Amino acid sequence: MKTGIHPELKDTKVTCLGCGTTFNTRSTTNEITVEVCSNCHPFYTGKQKLVDTAGRVDKFRARMEAAKTSKGKAKTKKDRNKDQRVDVAAELKAVKQELAQKTTDKKDQPAEK
């Protein structure tokens, strides 16, 4: 091992901001503050909580309540897409009929010389 290249280790006090626990270790700094330590972390304590930051559970419950109260009146995404496909198909059919009408009109007309 080369001499003079390694940092000097000092006695360091570690403080947890979550629960206030302090313990000593060795590091290159004098003090370390951490947000969660092994005394308050849910994995180590076995007291895991369901963290629903986005409110997904509440949104799901609201959708289920709305579906129950509307008694199936609300269309699903699949139904809305089906309606859009039907509309496009109807428009396509109308365009094809117009095109067919124009081509039959041209065939009925005598050719000009």
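Which side chains meet in a salt bridge? The side chains of D11 and R26 do so, at 3.8 Å from N to O, where a salt bridge is a side-chain nitrogen of Lys or Arg within 4 Å of a carboxyl oxygen of Asp or Glu. The structure described here is a predicted model, in which local features need pLDDT of at least 70 and side-chain atom pairs count only at pLDDT 80 or more, while totals for chains, interfaces and linings use all residues. Residues are numbered from 1 along each chain as its sequence is written, and side-chain values use heavy atoms, with hydrogens and water left out.

**The chain as a whole**

The protein chain holds three helices and three strands, which follow one another from the N terminus as β-β-β-α-α-α; helices (H or I, at least four residues) and strands (E, at least two) are DSSP runs, numbered from the N terminus. Of its 113 residues, 6% count as buried, a word that stands for under 20% relative accessible area, whereas exposed stands for over 50% and partly exposed for values in between (1.4 Å probe, protein chains only). Among the contacts with a separation of 6 or more, 2% come from residues 24 or more positions apart, a contact being heavy atoms within 4.5 Å.

**The sheet**

Three strands form an open sheet in the order β2-β1-β3, with mixed pairing; two strands pair if DSSP finds at least two bridges between them. Because β2 and β3 stand at the edges, each with a single partner strand, one side of each is left without a neighbour in the sheet. Strand β1 pairs with β2 in the antiparallel sense over six bridges, and K13 stands opposite N24 in β2.

| Strand | Residues |
|---|---|
| β1 | residues 10-16 |
| β2 | residues 22-27 |
| β3 | residues 31-34 |

In general, side chains of opposite charge can pair when their charged atoms come close.

E31, which has its place in strand β3, is exposed, with a relative accessible area of 61%. Leaving aside residues up to four places away in sequence, E31 touches T12 and K13. From C-alpha to C-alpha, E31 and T15 are 7.8 Å apart in space, and they are 16 residues apart in sequence.
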